[in-house]
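Me: I want to learn how to read charged pairs and a nonpolar core. Can you take me through this one?

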Amino acid sequence: MALHADDNFFNNVYQIVRLIPAGRVTSYGAIARCLGSAGSARMVGWAMGHLPTVPVDIPAQRVVNSAGLLSGKHHFGPGDEMKDLLEAEGVMIENNKVKDFKTIFWDPVQELGI
């Protein structure tokens, strides 16, 4: 995967999110590190929050905070859509937190060799 410095930061975030396999999750910070912006986890969250709707080709439900909490769930509407989407992929959620977070964590730096 080639990320280009002249590309929009948000588009680079979305490009990485599209690569997260079903049944796995990553964090805002891991995406920021992959983009060479280790201190920009909040900006990754901002990018995810600025999706006008949750497009099918950007599996936003797979991005959680560094503790595995579904911190972006309010962007999915008033119900439990984020939780439901993750559970449909086999991710177990308890008290709005990914169970076995460390086991199913997808680190884009390691997985993509960046």
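Me: Which side chain meets lysine 99 in a salt bridge?

Reply: Side chains of opposite charge can pair when their charged atoms come close. A salt bridge here is a Lys or Arg side-chain nitrogen within 4 Å of a carboxyl oxygen of Asp or Glu. Lysine 99 pairs with glutamate 94, at 3.7 Å from N to O. This is a predicted model: local features need pLDDT of at least 70, side-chain atom pairs count only at pLDDT 80 or more, and totals for chains, interfaces and linings use all residues. Residues are numbered from 1 along each chain as its sequence is written, and side-chain values use heavy atoms, without hydrogens and water.

Me: How many salt bridges does a search of the whole structure find?

Reply: Five. One of them joins glutamate 89 and arginine 62, 2.7 Å from N to O. That pair links distant parts of the chain, 27 residues apart. Glutamate 89 sits in the loop between α4 and β3 (93-94), arginine 62 in the loop between α3 and β2. Helices (H or I, at least four residues) and strands (E, at least two) are DSSP runs, numbered from the N terminus.

Me: Is arginine 62 buried or exposed?

Reply: Buried means under 20% relative accessible area, exposed over 50%, partly exposed in between (1.4 Å probe, protein chains only). Arginine 62 has 11%, so it is buried. Glutamate 89, at 22%, is partly exposed.

Me: How many residues are in the largest nonpolar core?

Reply: Such a core is a set of buried Ala, Val, Leu, Ile, Met, Phe, Trp, Tyr and Cys residues joined through side-chain atoms within 4.5 Å. The largest has 31 residues. Helix α1 gives the largest share, six residues.
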